[in-house]
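Please keep the sequence and the structure in view while reading.

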Amino acid sequence: MNGNHGTDHLDAEPVDGDTRYGPDDRIAISLTVNGEKVEAAVSPRLLLSDFLRGDLGLTGTHVGCEHGVCGACTVHLDGMPARSCLTMAVQVDGMEVRTVEGLAEPDGTLHPVQRAFRECHGLQCGFCTPGFLMAVTHLVENEELAETDDGLRAQLAGNLCRCTGYMGIVAATRRAAAEIASKG
Amino acid sequence: MSTRQFGARVQRNEDARLITGRGRFVDDLPLDGVLHGAFARSAVARGRITHLDTTAARALPGVHRVYTHADLGELDVTMPLLIPHPCIGHPRTQYPLAHEDVYHVGQAIAFVVADDRYIAEDAARLIEIDYDILPVEVDPAKAALDGAPLVHEDVPNNIAAHLVQVSGDPDAAFAAADHVTRIQVRVDRSTAAPMECLSTAARWDAVSGELTVWDGTQAPIGLRGALSSLFDLDEDKVRVVAPDVGGGFGPKIVFPYSNEILVPFAAKDLRRPVKWVEDRSENFVHMTHERTQIHDIELAATSDGVVLGLRDTFLHDTGSFIPYGIAVAQVASTQIAGPYRIPAIHVTFDCVYTPTVPVTPYRGCGRPQANFAIERAMDQLAAELGIDRFEIRRRNFIAPDEFPYTRPDLVFADGLPVTLDSGRYDDALAALEKALDLDAIRAEQEQARAEGRLLGLGLSFYVEGTGLGPYEGAKIRLHPITGKAYVNTGLTAQGQGHETAWAQIVADQIGVRPEDVIVVEGDTGVFDWGVATFASRAAVVSGNAVHVAAVSARARIAQAAANMLEADPDDIELENGRAFVRGTSSRGVTLAEVATMSNPLRYAFNKAAQTATQFAPTARSTGKPLPDGERPGIEVSEYYSPPHATWAYGVHAALVEVDPVTCDIDVKRYVCVHDCGNMINPMIVEGQVAGGVAQGMGGAFYEKLEYDENGVLRNASFMDFLVPYATEVPHIEMIHMETPSPLNPLGIKGVGEAGTIPVGQVIASAVEDALSPLGAPPVRQVPLSPSAIHDLLREARVSA
Amino acid sequence: MKPPCYEYVAPDTLAGALRVRAECEDSVVLAGGQSLVPTLNFRLANPDTVIDLRRVAELATVDTRDGMIRVGAMTRQRTLERNEAAFARNPLIRETMEYIAHPVIRSRGTIGGSVAHADPASELPCLLVLLDGELTARSSRGERTIPAADFFEFVFTTALEPEELLVEVAFPVLEPGEGWAFREFARRHGDFAVAGAGATLLLDDAGRIARARLAACGVATTPVRLRAAEEALRGAEPGTEAFRAAGELARDAVTTVDDTAASADYRRHLLSGLVNDVLTRAAARARGPR
Ligand SMILES: Cc1cc2nc3c(=O)[nH]c(=O)nc-3n(C[C@H](O)[C@H](O)[C@H](O)COP(=O)(O)OP(=O)(O)OC[C@H]3O[C@@H](n4cnc5c(N)ncnc54)[C@H](O)[C@@H]3O)c2cc1C
Ligand code: FES
Ligand code: FES
């Protein structure tokens, strides 16, 4: 993608408040992705989604609309879910990014949300799945789950799935939350 | 005995990679040195290009090539008409890149290849295109009138195809009728909107002369056939791979799309891998659409509601081209009588060109429209005759003992007359009534009406001819070291869980766990006999092919194990990855050993292989190592061809409340009774049905593509084309019935499209029922919308 | 759908940002990016320069003094929504903001971005018009305060000059006992409103309506105050009859023509129903002075 293009831009400097960067300039950014430090040089117009996928090879983050509606591109920025298609790569300089590749433990143990999606048939083609996993992980780890089906569905709105009809996703969210709650 | 896997809720094999971000969709493939494509597309619906200049685009740094039709050489031909039919009087198909004429907004005109997609898009915008704009008519009803602007100058009245089908004696039926009901209904245009748009990547290997194409397609074998003939390459030099595909629903089977030509062409031309990934705004104006049909349907009935005959005349909007032939209209026409006996049918359709995105099958493929027409008409008939809506259906069902039930001269998409194989329609309706608790619902409705609330019940009974031939095949091979089974078919999956369903079928036969069966599909380099994934056919046709192959693999394993154990093959049992003599589970061998031993070796390239070499203690000491007529290893390929379609069916109902302020609907209950024969995996079936209903909800209330009078799509984004979130899809209560199909060994019927078909009618009839106390007019069109409901309410007020 | 080329600058101070803003012919501000980036991805905008405000910490403040809730332009929507001090002084803010998109959008989207973007269906502009809020704009030449009533000029068009930045958005607090409500209808959860309405209601000693304020979004080229309905309500007995009549009067505020989301006729119907509803709920929350 329109990213660091290998070694061409090793001389890129971190962003400087007074500098105006041209479209072909590269800006050095430094961030943490799934716990690992990443240094890169990015074009001002590079989307975070393309940076993750194209430059870092983290192709788990998917792109379904590039205008903020589908949620397939959802990642966590400093612990909060965000659309990576509506975020420029330069904007995450200094931030902690978590993607679907960072959900499981390093030893491969799946996150309860990942397990629940499998157990409850929360995915079919799997294209929306990374975005849903990131959204639901934030939900079950940080928010109070609504008690009613309607309430929970409202919490899941913001991510589109074209395959499942959401039944499995609703069930998986409940199951993951229950598992996390039972562990305290 | 180990537990049977067929019919069990086995968790999916494919999930492991998809939940960890290790899925492999086309855009995820790490192709070294890949270049990126972008199309310049027509901004006008019908026009003649007067000026096309790519100079500035070509001059942009980072741009490798810009192609127009003039650069395509032998490939500059119109694309194939995939399913020819004698009734298509004026077949027209598209060029990979437009010549002077453009026929719809979004038609591809030029293709840019650049270092990255950003630059490719920059360049595409630098291409100068001027048009003479020609008049258009986007409404198919008006487009078919005399004097309407023509999409193709030489196609009178824009009629691409015209077909009349007569089954039985409709004139006699109408003459004998006590009562005739006539209505006009309309279903509007929609799009499948898979979450992954179209995508193609290609690599040309100059050394081997091989072209590899990775494509988000439902039909890799078909695409391979098309590409090898268009590119004039031997079939074995073209490999098409459909890796993980992010939803299909029909439109990913129109080959070749422009990208499926241009990407491999550029890869070959530039000697670099090239990829193009459709973005969402392109998807709306490029990937094919479906649904617009206008039906004039008439039912001839006795006074007690027995339908004697049906006449239906409909217009089908085929868009600017007809690459997929009349499939959608034909399927609609053959399913028009639904589950009802109706012995006399006269059905006529015209396929009309409009200057819009071409129309090809999208989940349901004409059935949602046909279902809407017949079921709206049945509701109307019931109302006119004063018969209950459930009762009138019951009076017309084909009875279980009437199967197979043939509708003579009504020819289905497989070229064979419609023959419904089996069903228990009455039982399904009874199951629905029970689940709904009709008495309670009617009381609730009374209560609501007394409070001025608008609560309505809707229902729809559908049938679906599934599992079309011609055939599919499967190959099964045992891995000599691991003993795992490898299964290949010619299909692809876009979320349907083949990797699990096929594994279950194989596991039952050869006694392994489903997770030890590795299914690889969608790669013509691995298996290249078969057709494609469409029309709810995979489980029926491929599933049975896999079954036949698994039975055959079992026999091979039993024979080989019998030889090794010096026992009779009939006494061999397979369980837990081992073959043993019945009753003596200690006397056995592993499947790995069987696989190894059935392939006589000379070289011990690993430890397991030692046992199969010529001086091993277990070696056969006499006779030929490979007896005459034997094949090495455990490897079988088998095929299955269905006699004709097998007919799934079901009935859905919804209890819907209409909010008089917002004119929005609240689906309070959604109940679905369905019968897809024997279920391989109920969990997957439920997912298919639920996903189908969700898509059906879109088509009933949210998703309507709207062209303006200039042929520009007004809502070509997810902001404006409303694919439902979880909040817009109801919780679905599901009741399974399993009436085995008599047509295939596994007794399966298809289920892929079932959920989608009846939903438009369910919602329409529920809304109609809710508004009926106010005297609102009947609902004749889907998708509904708050504005449409508001119009109905206003008309009710006016007439009150 | 990739953004076009542009020059990029990420100043670390407001002064620096204003300097660039003054120097550039054609700049846009990257605040939360939740409206700007889609516009860039569709290439509906093609700015020379993008000024990224993420490093300007001085714009991310919430201050509740002097009867105003003063919110720095770069305050995230989610931050204001969850701010308890703001909620205590004006609970209508939270009720309204819950209709904006989805939490995932609100956690990136800013108050200033939403207001400066000026989508006529947006909630915050409507709320500001309803409450007679104030907008503070600054350029390198100075600062000015613009009443909300004058700020929104047209679809995506505000009174901001090209060299100005929106720096602060001020929401008045509610009067003691003032009733309040907001409701909108979107076809899909979290979408921009087909139409929305907000109301505040002050009762006099006799329990009659001393002041009603009403505003709507999604019905015109800007958010609109429903003055005719407000007038009619003054002095009226709160109740079904008055509220229904107010709803009827609101219909004329709809100037949006038929679009793919709704017909104009339906929008009128919807707005009148929403007005009736928010008035009913505001009345239930209103307390007459003791
Ligand atoms: C799927 C989706 C649904 C949405 N639904 C809604 C909804 O229902 N209601 C709603 O109100 N919004 C909705 N939004 C928009 C969202 O609220 C945006 O966050 C908001 O409109 C813009 O805020 P932002 O901080 O992201 O601004 P940006 O996108 O960064 O900027 C938007 C515009 O404002 C200008 N701008 C930003 N800050 C300043 C400033 N300080 N001074 C001058 N100009 C400035 C920019 O130049 C740009 O033109 C939705 C967005 C998405 C993606
Ligand atoms: S790709 Fe980001 S929201 Fe759809
Ligand atoms: S699983 Fe296919 S889009 Fe959700």
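A salt bridge is taken here as a side-chain nitrogen of Lys or Arg within 4 Å of a carboxyl oxygen of Asp or Glu. The model is a predicted one, in which local features need pLDDT of at least 70 and side-chain atom pairs count only at pLDDT 80 or more, whereas totals for chains, interfaces and linings use all residues. Residues are numbered from 1 along each chain as its sequence is written, chains are lettered from A and ligands numbered from 1 in the order in which they are written, and side-chain values use heavy atoms, with hydrogens and water left out.

Over all chains, the structure holds 102 salt bridges. One of them joins the side chains of Asp101(B) and Arg48(B), with an N to O distance of 3.1 Å. This pair links distant parts of the chain, since Asp101(B) lies in strand E4 (residues 101–102) of chain B and Arg48(B) in strand E2 (residues 47–53) of chain B, 53 residues apart. Helices (H or I, at least four residues) and strands (E, at least two) are DSSP runs, numbered from the N terminus.

The interface of chain B and chain A comes next. Here 55 residues of chain B are in contact with 46 residues of chain A, contact meaning heavy atoms within 4.5 Å. About 4,300 Å² is buried between chain B and chain A, and carbon and sulfur atoms give 60% of that area; buried area is the accessible area (1.4 Å probe) that two parts lose on being put together, summed over both. On the chain B side, Ile19(B), Tyr118(B) and Met195(B) lose the most area to chain A, together 20% of what that side buries. The interface of chain B and chain A has 4 salt bridges, and Glu703(B) and Arg162(A) meet in a salt bridge at 2.6 Å, N to O. Helices H1 (15–18), H3 (117–126) and H18 (682–702) of chain B are the elements that give two or more residues to the side touching chain A, and H18(B) gives the most, with 8 residues. By class, the residues on this side of chain B divide into 26 nonpolar, 17 polar and 12 charged; Ala, Val, Leu, Ile, Met, Phe, Trp, Tyr, Cys and Pro count as nonpolar, Asp, Glu, Lys and Arg as charged, and the others, Gly among them, as polar.

Chain B also meets chain C. In this interface, 26 residues of chain C are in contact with 37 residues of chain B, and the two chains bury about 2,600 Å² between them, 54% of it on carbon and sulfur atoms. The count of salt bridges between chain C and chain B is 4. Asp122(B) forms a salt bridge with Arg43(C), the closest N and O atoms being 2.7 Å apart.

Within chain A, helix H4 (residues 149–156) packs against two helices. The axes of H3(A) (residues 129–142) and H4(A) come within 10 Å and cross at roughly 120°; axes are lines fitted to C-alpha atoms, for helices over the stretch in contact, and angles run from 0 to 180 degrees between N-to-C directions. Phe132(A), Val136(A) and Leu139(A) of H3(A) make the contact with Leu152(A), Gln155(A) and Leu156(A) of H4(A). The axes of H4(A) and H5(A) (residues 167–183) come within 11 Å and cross at roughly 100°, and these two helices are therefore roughly perpendicular to each other.

Technical notes. Parallel < 35°, antiparallel > 145°, perpendicular 65-115°, else oblique.
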